[in-house]
Amino acid sequence: MLSRLFAPKVTVSAHCDLPCGVYDPAQARIEAESVKAVQEKMAANDDAHFQARATVIKEQRAELAKHHVSVLWSDYFKPPHFEKYPQLHQLVNDTLKALSAAKASTDPKTGEKALELIAEIDRIFWETKKA
């Protein structure tokens with residue numbers, strides 16, 4: 001009797017966790033832009049306190065960017081996307097590695113590399129939204 005009481009009345013399905021509209025690579029891009037901007041500011045400022053604060057902010061932003069890329073990979077992209085874009089797994093992996101490199105570096109070139117890879121994820125993402 002209890003199982004009938006708590007049994008679902010309606011079955012629904014979606015290709016992602018929530019109805020579309022909650023995922024966007026822009027979140028990762030914004031965080032990665034912050035990483036690069038902090039790297040550039042670090043190159044222009046020798047103050048030890050500034051460097052320490054900037055390092056914390058840069059590392060936090062890089063982790064947030066990694067989180068947003070990981071969420072796209074695990075929650076938004078589905079098998080049909082990976083079939084159409086077979087490079088997607090490697091692209092996500094390369095992007096996460098680039099963000100880790102930017103997190104560990106003060107060289108803005110590492111931030112730029114991460115941004116380039118995120119731009120490719122963004123391109124694929126928006127192509128999938130058209131389908």
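1. Helix α5 first. Its buried residues (under 20% relative accessible area with a 1.4 Å probe, protein chains only; exposed is over 50%, partly exposed in between) pack against α2 (26-43), α3 (48-76), α4 (79-84) and α6 (108-130). Contact here is heavy atoms within 4.5 Å. Those buried α5 residues are Leu-88, Leu-91, Val-92, Thr-95, Ala-98, Leu-99 and Ala-102. Looking down the α5 axis, they sit within an arc of 125° (taken from the directions from the helix axis to the C-beta atoms), so they line one face of the helix.

2. A word on the model: it is predicted, with local features needing pLDDT of at least 70 and side-chain atom pairs pLDDT 80 or more, while totals for chains, interfaces and linings use all residues. Residues are numbered from 1 along each chain as its sequence is written, and side-chain values use heavy atoms, leaving out hydrogens and water.

3. Now the α2 and α6 pair. They pack at about 165°, axes 8 Å apart (lines fitted to C-alpha atoms over the stretch in contact; angles run from 0 to 180 degrees between N-to-C directions). That makes α2 roughly antiparallel to α6, the label for angles over 145 degrees. On the α2 side, the residues meeting α6 include Ala-28, Ala-32 and Lys-36; among their α6 partners are Pro-108, Leu-115 and Ile-118.

4. Overall, the protein chain has 6 helices and 0 strands (DSSP runs numbered from the N terminus: H or I, at least four residues, for helices; E, at least two, for strands). Buried residues account for 33% of its 131 residues.

Note on methods
Parallel < 35°, antiparallel > 145°, perpendicular 65-115°, else oblique.
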